[in-house]
Each structure stands twice: as C-alpha cells, then as structure tokens.
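Hi there,

Here is the structure I promised to send over. Have a look at it first, and then read my notes below.

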Amino acid sequence: MHSTARGEGRRLATRHRNIELGLLALAVVVCLAGHIDAYLALTGKMPPGLLVHALALGGLAGVAHLAVRRFAPYADPLILPLGVFLTGFGLMLLDRLDKSYAAVHSAKGDYQKLPAAPSQLMWVFIAVLAALALVVLVKHHRFFQRYVYLLMAGALILLAAPAFFPGRPEDFGAKRWIRLFGLSFEPDEFVKVAITIFFAGYLMASRDALALAGRKVWGMTLPRGRHAGPVLAIWVVSLLVLVFERDLGTSLIFFGVFIVMLYVATERTSWVVLGLLMAVGGAAVVGTVEPHVHGRVEAWLHPLDIYKEHHDPAIISDQPAEALFSLGTGHLTGTGLGSGRPWLIGFAGRSDFVFTTIGEELGLAGVTAVLLVYLLLVQRGLRTAIGLTDPFGKLLATGLATALALQVFVVVGGVSGLVPLTGKALPFLAAGGSSLLANWLIVSLLIKLSDSAGRTALEPALPGPEPLPAQAGPGDRPAAPSPSTA
C-alpha cells in the first residue's frame with residue numbers, strides 16, 4: 001500500500017515539474033514578445049541579437065528547471081516560472097527605457113544616458129545561479145535554524161553600516177548604500193532575508209511565552225508587559241533606521257514582517273493592534289521631526305505643490321506628480337509598449353518608478369496583470385506555509401511571502417500616491433543588483449520550503465517496524481489464542 005502511494009506521489013511530482021517546464025516556456029515567450037513589440041514601436045525594426053537574448057533567457061530558465069527537477073522535485077510548480085517571468089519582464093522594461101533615456105539625455109551629457117539593461121542582465125545570471133546554488137547545496141530548510149543568531153548579528157551590522165557612509169546628492173538624503181572600491185550595494189535587501197530567518201527561529205522558541213494573555217483593555221486581551229520586550233526592541237531598531245538612515249521603506253518592511261510572523265506564531269490579535277499603534281505613532285513622530293521623512297510626507301500629501309511658485313521647501317521633487325500624470329495617461333489599455341513618455345519621470349524611472357511605465361504603456365489592464373503575478377507568488381508562499389508541518393518552516397515561509405508583499409505594497413503605494421514614497425526597488429522589475437539577488441534568494445528558499453511541503457503531502461512516510469512481542473517470564477502463562485488465530 002505504501003509503495004503504491006509513494007509511486008503515485010512521484011508521478012504527481014513529475015507532473016508538477018512538467019507543468020513548471022510549460023509555464024517557463026510561456027514566460028520566456030511572453031517576455032520576448034514584449035521585447036519585440038517595444039523595439040518595433042521605438043525603431044520600426046526587429047531588435048538586434050534577438051536570438052542570443054532568447055537563448056540566454058531560455059537557457060537560464062532551462063538550467064533552473066533542471067536543478068529544481070533534480071534537487072527539489074516536490075516543489076511548487078509556479079514559484080520558479082513566476083520569478084522568471086517577472087525577471088524577464090523587468091529586462092524588457094529596462095531595455096525599452098534605455099532607448100528613451102539615451103535619446104533624451106545624450107545632448108545633456110549626464111549619467112542617465114547610460115544603459116541599465118546590460119548590467120541588469122549580468123545580475124540576472126548572478127542572482128539565478130546563486131539561487132540555484134542554494135537549492136543544490138542546502139539539503140533542508142532547517143539548516144538555517146542552526147545559525148539564526150549568527151544571521152541576526154550579521155544583519156544588524158549590515159543594517160547599521162550605511163549610516164557611517166557619506167551620502168551623495170543624487171540619493172536625496174537617503175542613506176541605504178554601502179560604497180567600497182567603486183562598488184555599491186543595498187544591505188537592507190539582504191537584511192530582510194536574514195532577519196526573517198531569525199524571526200522564524202526566535203518565534204518558534206518563544207511563541208508559548210508570547211502567547212500568554214495579560215489584562216483586558218476595552219474588551220481586548222493585551223499581552224503581558226514583560227513579554228512585550230521583543231516587540232519594543234524591534235520597534236526601536238526600526239525607528240533608528242528611520243531616523244539615521246532616513247529609510248522609510250526598510251523600517252516599514254522590517255517591523256511589518258515581525259508583527260505578521262508574531263501573529264502567526266501566537267494567534268493573538270492584540271499583537272497586531274499593538275504593532276499597528278506603535279508603527280503609526282513612531283512614523284508620525286519621525287515624520288514630523290526628521291526633515292527628509294517630513295519632505296516625503298509633504299510630497300505625498302501635496303504632490304502638485306511643486307509647480308507652485310511658492311511651496312514648502314521640503315518638497316524638492318516633481319516625481320510624485322509626474323507619476324500620477326503617467327498613470328493617468330495609460331487609461332484602461334495603455335498607449336502601447338514603446339509609445340509612452342516614461343523618461344519624464346526623471347532619474348528614478350528605472351528604479352521604483354518603473355511601475356509608472358507599466359501604467360502608462362499597458363494601462364490599468366497591464367498594472368492589474370503584473371500585480372496579480374506578484375499576488376500569486378505571495379499566495380504560493382503562504383500556501384507553502386500551510387502545507388509545512390514544522391513550526392520553523394511555517395514561520396519562515398510566511399515571513400518571506402510577507403516581506404515580498406510588503407515591499408511591493410510600499411513601492412506601488414508610493415508611486416500611485418497611496419502612501420509616502422520610500423525609494424525601495426520594485427522586486428524583480430527595477431534596476432539594481434542587490435534587490436534582484438535578494439529576491440531570487442527568497443525564490444530559492446520558497447522552492448526548498450515548498451519541496452518539503454510537497455514531499456510531506458505526496459510521499460507518505462515509510463511504515464515503521466512492527467513492535468516485538470513481549471517475552472514471557474518464567475512464571476507467566478502463555479496468552480490464549482485469539483479467535484482469529486485459533
């Protein structure tokens with residue numbers, strides 16, 4: 001019976017891998033079609049090197065599929081294709097933007113004329129190969145459980161490091177980068193992964209104490225005061241990031257992930273309410289007293305004031321207003337790839353404001369489709385958490401999916417005027433090697449986690465050995481035979 005069930009489980013796993021292969025082919029074809037469409041609209045010609053581009057993207061997707069088929073055969077069949085589609089779609093958008101920025105800024109002679117797509121393509125190979133190395137080398141996700149405190153120590157060092165590096169004028173006050181020997185990277189992108197692993201290990205060990213109830217206030221049971229220490233510590237750290245590094249996005253993601261994972265671990269709504277009150281209170285205070293954060297809030301509240309002759313000096317950028325104009329121009333179906341004017345956004349058009357290109361050239365339909373892809377990737381992460389049996393894996397999958405969801409929310413919300421701008425990179429789509437590498441590490445972790453969940457669901461455990469009969473003592477009588485054996 002068990003061998004039959006295991007064989008059926010392996011057949012279902014093979015079917016999942018075949019579905020994954022078909023979805024990967026579809027993702028590559030859609031991205032190539034978009035590349036051709038945008039280039040035809042811009043130049044009237046077929047893009048040069050199309051075959052090389054197709055072979056590179058398809059070959060990378062094929063290698064990733066073979067690695068997953070061999071080392072994570074029970075993984076969710078949608079996670080890898082969704083990551084490949086978003087990455088390929090981002091390459092297409094950056095190549096389209098490079099053409100416009102080069103044409104507009106060539107006469108000005110500034111750095112915006114330099115292309116971003118070639119370096120992003122290099123980072124795509126680095127990120128995907130790093131993710132595959134994790135899939136191949138890490139046998140089980142509980143491997144990270146041994147090093148949660150080491151990861152936390154390294155994460156705190158990386159989180160604090162940008163505050164000691166001088167900022168540049170083009171950073172507009174934010175201090176999120178470490179620059180050494182001509183290279184730069186954003187440590188907060190890797191911090192969110194390391195801290196999520198730490199949160200999973202810490203909450204697994206402390207969830208019983210944190211779930212203890214205290215006194216009731218306004219009909220809501222609050223946690224005990226002595227157990228609120230970890231939440232206060234995380235709150236203070238997130239505020240310090242907000243004050244010294246002026247990084248609203250990292251602070252929101254950092255604290256939000258912890259509160260969601262805390263709720264999943266304890267099932268106490270009071271933690272969520274307490275966390276929301278602390279987040280809103282802290283952001284309100286810092287937004288009032290810290291000039292850079294205050295400027296972000298003012299630009300959010302009054303995006304069109306930049307065009308007034310006399311406006312708040314804290315508002316220094318017209319990008320929030322230009323983003324609203326760009327999104328409004330797209331209407332329902334957009335102007336068509338390559339037919340918009342996304343370069344008017346300025347220097348951030350290829351980072352967090354790459355989302356406005358989607359809204360302008362693909363319209364509300366394209367924006368909805370891209371957001372649904374993100375939503376589906378988050379849903380697969382949460383579905384993986386439900387399928388896992390160990391608490392550490394459940395919390396880790398939940399935290400990784402939440403981190404991705406919160407980053408998409410703060411970027412899309414900032415560009416569309418729903419929340420203040422944070423300056424974070426839109427996952428997979430925006431230019432930036434640090435963001436791409438960190439998000440592909442999230443994809444690889446979700447693949448390993450879903451492999452464990454799928455293995456549990458599709459491959460039943462081997463039957464254990466039957467218990468040996470008790471040996472009769474010298475004074476014991478032999479047991480009477482049962483009717484079935486008589």
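**Glu20 and its surroundings**

Leaving aside residues up to four places away in sequence, Glu20 touches His65, Val68, Asp76, Pro77, Leu80 and Pro81, where contact means heavy atoms within 4.5 Å. Please keep in mind that this is a predicted model, in which local features need pLDDT of at least 70, side-chain atom pairs count only at pLDDT 80 or more, and totals for chains, interfaces and linings use all residues. Residues are numbered from 1 along each chain as its sequence is written, and side-chain values use heavy atoms, with hydrogens and water left out.

Glu20 is part of helix 1 (residues 2-43); helices (H or I, at least four residues) and strands (E, at least two) are DSSP runs, numbered from the N terminus. Is Glu20 buried or exposed? Its relative accessibility is 1%, so Glu20 counts as buried (buried means under 20% relative accessible area, exposed over 50%, partly exposed in between, with a 1.4 Å probe and protein chains only).

**The chain as a whole**

There are 14 helices and four strands in the chain. Of its 486 residues, 49% are buried. The accessible surface is about 23200 Å², and carbon and sulfur atoms account for 68% of that (Shrake-Rupley method, 1.4 Å probe; for residues, only the protein chains shown count as cover). If you take the contacts between residues at least 6 apart in sequence, 72% of them join residues at least 24 apart.

**Two helix pairs**

Helix 2 (residues 50-71) packs against helix 4 (residues 117-137) at an angle of about 10°, and their axes are 10 Å apart (axes are lines fitted to C-alpha atoms, for helices over the stretch in contact, and angles run from 0 to 180 degrees between N-to-C directions). Helix 2 is therefore roughly parallel to helix 4 (angles under 35 degrees are roughly parallel, over 145 roughly antiparallel, 65 to 115 roughly perpendicular and the rest oblique). On the helix 2 side, the contact includes Ala56, Leu60 and Phe71, while helix 4 brings in, among others, Val124, Phe125 and Leu132. By class, this contact has 12 nonpolar, no polar and no charged residues (Ala, Val, Leu, Ile, Met, Phe, Trp, Tyr, Cys and Pro count as nonpolar, Asp, Glu, Lys and Arg as charged, and the others, Gly among them, as polar).

For helix 12 (residues 354-387) and helix 14 (residues 433-458), the angle is about 40° and the axes are 8 Å apart, so the two are oblique to each other. Gly381, Thr384 and Gly387 of helix 12 meet Leu446, Leu449, Ser450 and Ala453 of helix 14. That contact has three nonpolar, four polar and no charged residues.

Best wishes
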